[in-house]
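Here are my notes on this model. Please read them with the structure open.

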Amino acid sequence: MKSTQSQSVSAVKTVSWPLALAFICLIIYASLYPFNDWRNQGISPLIFLTASLPKYWSGFDVAANVLGYAPLGFLLTVASLRNAHVKWAMVLAVLGALLLSLAMETLQSYLPSRIPSNVDLALNTLGAALGAGSAWALEKLGALGRWSRFRARWLAPDARGAMALLVLWPVALLFPAAVPMGLGQVFERLEMALAEALEGTPFLVWLPVREIELQPLVPLTVLVCVALGALTPLLLGYGVVHTLWRRAVFATLTLAAGIAVSALSAALSYGPEHAWAWLDLSVRAGLMLAAALALVLLPLSRRGTAAFALLALAIQLSLLNQAPASAYFWQTLQTWEQGRFIRFHGLVQWLGWLWPYAVLLYLLDRLSRRTDTGQT
């Protein structure tokens, strides 16, 4: 029995690799944002390595640089430890993070809005080392082995893709959404970006012109969008979680996490006193509807949960992208994009936009498989 369980654990693919890849993409975006006005200053892009230490720095800068790379060091180390052929997992993880940070600081030499720093490079490497050391310590204490056994009991062996998406979902919710749980509302921004990019070119006339302006969502539509937005990650998890009672526990914890992160986003945007201002009647009704649907759909097969999740996501995206964001919401985004959240903004903006479309691709891939690998 023990041998069979060990084989099952070893056959499970680690989620650390896709999460590390996602984190690398987020670091690249945050480091090089806003990606414009590139120029060559006529000096070596590596001159910052021998520059004197900056005179002004804050505790926030230190914490941001250390904590920004700590998860990457942790994930790379865990992923390497899960590969029996990889030795010196900590060294490789820290070296990889060091090279990434060096590349980002070097490229910042070509961006007028960014300042490369040898201190940032050192702090990033320190953060990666702390993350790698934490992973190594947890491995020696047996915590990672216990997690692997726990995962084998609770989740299907092919749960890696769904787990990565579910871990990223609360992070995506931190970016302010015009409708709570309403990720993926990109049509209006995409339309504006295309019009701006094509301005002054003959291709502007190719851009479709709407006969009427986008209309704000009515309360009933908001209710539906909230319900479907909260239900989608629950169904995504149902596709990889074993047994009914474990699905129920997962749904409860995931829904609670979504509500808590939405409150945190509101607190960051409007102030702690407004943390629950988003929870109006339509939103509360939508969350209750999501909980009721999650309970009813508990017995679905894995293939059934993927089909329902795909349907829920398609309906929600269709409704969201037929409505504009309010002027008050645009003002909130200005606070994130130009104010105190500018560093944090780069990490979560694209997640908030693209997470639903990544789930769409995942679900389509899952439904395209010929066999359903299991029931509840």
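1. From the N terminus on, the elements of the protein chain run α-α-α-α-α-α-α-α-α-α-α-α-α-α. That is 14 helices and 0 strands. Helices (H or I, at least four residues) and strands (E, at least two) are DSSP runs, numbered from the N terminus.

2. This is a predicted model: local features need pLDDT of at least 70, side-chain atom pairs count only at pLDDT 80 or more, and totals for chains, interfaces and linings use all residues. Residues are numbered from 1 along each chain as its sequence is written, and side-chain values use heavy atoms, with hydrogens and water left out.

3. Of the 376 residues of the protein chain, 44% count as buried. Buried means under 20% relative accessible area, exposed over 50%, partly exposed in between (1.4 Å probe, protein chains only).

4. Residues 24 or more positions apart account for 82% of the contacts with a separation of 6 or more. Contact means heavy atoms within 4.5 Å.

5. Take helix α2 (residues 16–32) and helix α7 (residues 160–173). Their axes come within 9 Å and cross at roughly 40°. Therefore α2 is oblique to α7. Axes are lines fitted to C-alpha atoms, for helices over the stretch in contact, and angles run from 0 to 180 degrees between N-to-C directions. Angles under 35 degrees count as roughly parallel, over 145 as roughly antiparallel, 65 to 115 as roughly perpendicular and the rest as oblique.

6. P18, L19 and A22 in α2 meet R160, A164, V167 and L168 in α7.

7. The whole structure has 0 disulfides (cysteine sulfur pairs within 2.5 Å). C225 is buried at 0% relative accessible area; C25 is partly exposed at 46%.
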